[in-house]
Amino acid sequence: MRVSTTLVLLFSLTASLSAQSAQGDATKQNDRALQGQSFAAPVELTAGGKAISNLMYPSPVLHDLDGDGKRELVLGEIFGTVRACTASADGLKWQKQVLLQAEGEKLKFNNW
Amino acid sequence: MCPQFVDFDADGHTDIITATYEGTVFISRGSHKGWGKPEHLIDAAGEYLVLSLYYDMEEDTYKNAKRSPEGQSNPKDHCVSAMVWDWDADGDFDILLGAKEGRLYLRMNHGKPGSPKFDTTNQLLRAGGEDFNVPGGLTAPRLVDWDADGLKDLVCGSFKGGVYFYRNVGEKKAPKFAKPVALISPGVCQPSDLRFPNSGCYADPVDYDGDGDLDLLVGGYCSVAPKKRILDVKEKARLKELVAKTSSLSKEMNVILSKHAADTSDMSKEEGRKAFEILRALKPYRENREAWGKVWAERRTFQPTGSRTAGVWLYRRIAKETAAVQPR
């Protein structure tokens with residue numbers, strides 16, 4: 001009885017140490033993945049000479065919409081429309097926002 | 001909303017996948033003619049892809065949906081983002097559904113490219129041994145190999161500010177995520193600070209400047225804390241008067257509403273809007289709103305309120321030794 005209890009305790013201890021070690025490895029991997037990474041102070045982008053403050057919950061993504069090899073700044077927003085801006089020379093000042101169209105109408109994903 | 005550009009239906013044209021606050025997933029199919037009208041993506045049973053809470057547009061109300069695996073009960077979550085990804089590397093797109101509350105769910109696809117058959121239940125994902133839960137809520141995941149180890153990781157913005165990295169520590173056919181690490185920490189923006197996004201953050205990890213490393217494009221809000229004023233005795237007395245005046249005008253408004261406002265409970269949205277327009281045109285309503293606005297404007301000079309402005313920001317990746325100080 002005492003031997004089996006000791007074995008169970010030993011097994012639990014080994015399993016616990018092994019789990020801790022795995023967790024430690026994952027943390028180290030995470031830390032390594034972020035080593036040397038940091039960001040410059042944020043720069044606010046503009047479109048058509050204005051801050052992009054007209055959209056509710058803007059969700060940006062860069063994507064080459066027209067296949068010309070240059071990425072557009074695509075902007076989703078809470079009401080379900082999608083806008084795109086073509087780039088300017090410095091990559092920070094984008095051209096004015098243009099609504100994407102679907103079958104001759106404004107592209108709009110339904111929202112509540 | 002977080003649109004994803006991907007050839008979902010394998011026809012050689014890029015499509016748009018997204019979810020809205022309706023709680024469902026949409027596709028706008030691309031073709032040589034341009035974008036198609038949005039359609040709902042459906043599961044193998046022909047039902048919309050939803051979490052446990054969604055907005056029924058026909059009945060104009062929130063509804064609960066039973067989409068938990070048998071014997072389980074997923075939290076009451078509301079889908080606000082979607083991203084397709086070949087989770088198990090079997091050649092078709094599975095889909096991740098992001099919840100407003102911060103959790104992330106998976107629907108496996110048992111079909112084939114161009115004819116999907118999504119599971120009818122949502123599998124709650126885990127990260128670092130716990131339920132996947134973006135600190136601050138709002139999972140709008142973006143897929144990217146952030147650490148260049150050959151496995152796709154997730155980068156998620158947070159409703160309460162910040163951007164989080166979820167490292168994929170699994171295998172190509174079996175992704176597994178480590179606990180989140182903040183790439184951008186949440187912070188408070190003071191009036192004198194440089195503006196930065198500190199709420200409602202949607203992030204896109206992308207090599208913005210073409211220098212070979214991944215930067216972060218972040219849409220969201222910059223909420224600026226108010227600058228408090230120290231009032232002298234006279235100002236304190238005036239503020240007290242204004243607070244009382246605001247309160248009495250609000251009470252008067254309640255009386256006006258109880259006398260003139262229509263019961264909108266059985267009205268359609270359009271009828272409700274018309275009833276409100278009629279109310280707004282009434283003299284007592286207009287006079288009260290005008291007076292309230294003036295008092296409130298003066299009150300704000302003594303009690304400044306914060307501001308909240310939307311925008312899109314670029315965080316360029318730089319070497320650590322030359323890094324700028326992160327927002328607090």
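Two strands pair if DSSP finds at least two bridges between them. The views below all come from a predicted model.

**Figure 1. Strand E2 of chain B pairs on both sides.** Strand E1 (residues 4-6) of chain B is joined to E2(B) by three bridges, and the two run antiparallel. Within E2(B), Ile16(B) is the bridge partner of Phe5(B). E2(B) and E3(B) make a hairpin with five residues between them. Gly23(B), in the turn, has a positive phi of about 95 degrees.

**Figure 2. Strand E2 of chain B is covered on both faces.** The strand takes in residues 15-19, and five of its five residues are buried. One side carries Asp15(B), Ile17(B) and Ala19(B). The other carries Ile16(B) and Thr18(B). The residues on both sides are all buried.

**Figure 3. Gly98 of chain B sits in a strand.** Gly98(B) belongs to strand E10 (residues 94-99) of chain B. Is Gly98(B) buried or exposed? Gly98(B) has 28 other C-beta atoms within 10 Å, and a residue with 20 or more counts as buried, so Gly98(B) is buried. For scale, Ala310(B) is 212 residues away along the chain, with 22 Å between its C-alpha atom and that of Gly98(B).

**Figure 4. Gly36 of chain B lies in a loop and contacts chain A.** The loop runs between strand E5 (34-35) and strand E6 (39-40) of chain B. Gly36(B) has 17 other C-beta atoms within 10 Å; the count falls between the limits of 12 for exposed and 20 for buried, so Gly36(B) is partly exposed. Which residues does Gly36(B) contact, leaving aside its neighbours within four places in sequence? In chain A they are Ala102(A) and Glu103(A). In chain B they are Ser28(B), Arg29(B) and Ser31(B). Gly128(B) is 92 residues from Gly36(B) in sequence, and their C-alpha atoms are 40 Å apart.

**Figure 5. Chain B meets chain A.** The contact involves 50 residues of chain B and 44 residues of chain A. Several elements of chain B give two or more residues to this side, including E3, E5, strand E18 (181-184) and strand E19 (199-206). Strand E20 (215-224), strand E21 (307-315) and strand E22 (317-319) of chain B do too. E21(B) gives the most, with seven residues. By class, the side of chain B that touches chain A has 31 nonpolar, nine polar and 10 charged residues.

**Figure 6. A strand pairing crosses between the chains.** Strand E2 (residues 43-44) of chain A is joined to E21(B) by two bridges. The two strands run antiparallel. Glu44(A) stands opposite Trp313(B) in E21(B).

**Figure 7. An open sheet in chain A.** Four strands of chain A line up in the order E5-E6-E7-E9, with antiparallel pairing. Strand E5 (59-63) and strand E9 (98-99) of chain A stand at the edges with a single partner strand each, so one side of each has no neighbour in the sheet. Strand E6 (residues 72-76) and strand E7 (residues 82-85) of chain A are joined by four bridges. In that pairing, Leu73(A) stands opposite Cys85(A) in E7(A).

**Figure 8. Helix H1 of chain B is hardly covered.** The helix has 28 residues (233-260). Among them, the count of buried residues is one. At 1.5 Å a residue the helix should span 40 Å, and its end C-alpha atoms are 41 Å apart, which agrees.

**Figure 9. The two chains in outline.** Chain A has one helix and 11 strands. Of its 112 residues, 23% are buried. Chain B has three helices and 22 strands. Of its 328 residues, 35% count as buried. The C-alpha trace of chain B spans about 70 × 60 × 45 Å along its principal axes. Among contacts between residues at least 6 apart in sequence, those joining residues at least 24 apart make up 27% in chain A and 50% in chain B.

Key
Residues numbered from 1 in each chain as written. Chains lettered and ligands numbered in written order. Predicted model: local features only at pLDDT ≥ 70, side-chain atom pairs only at ≥ 80, totals over all residues. Contact = placed C-beta atoms within 7 Å. Nonpolar A, V, L, I, M, F, W, Y, C, P; charged D, E, K, R; others polar. Expected span 1.5 Å × (residues − 1).
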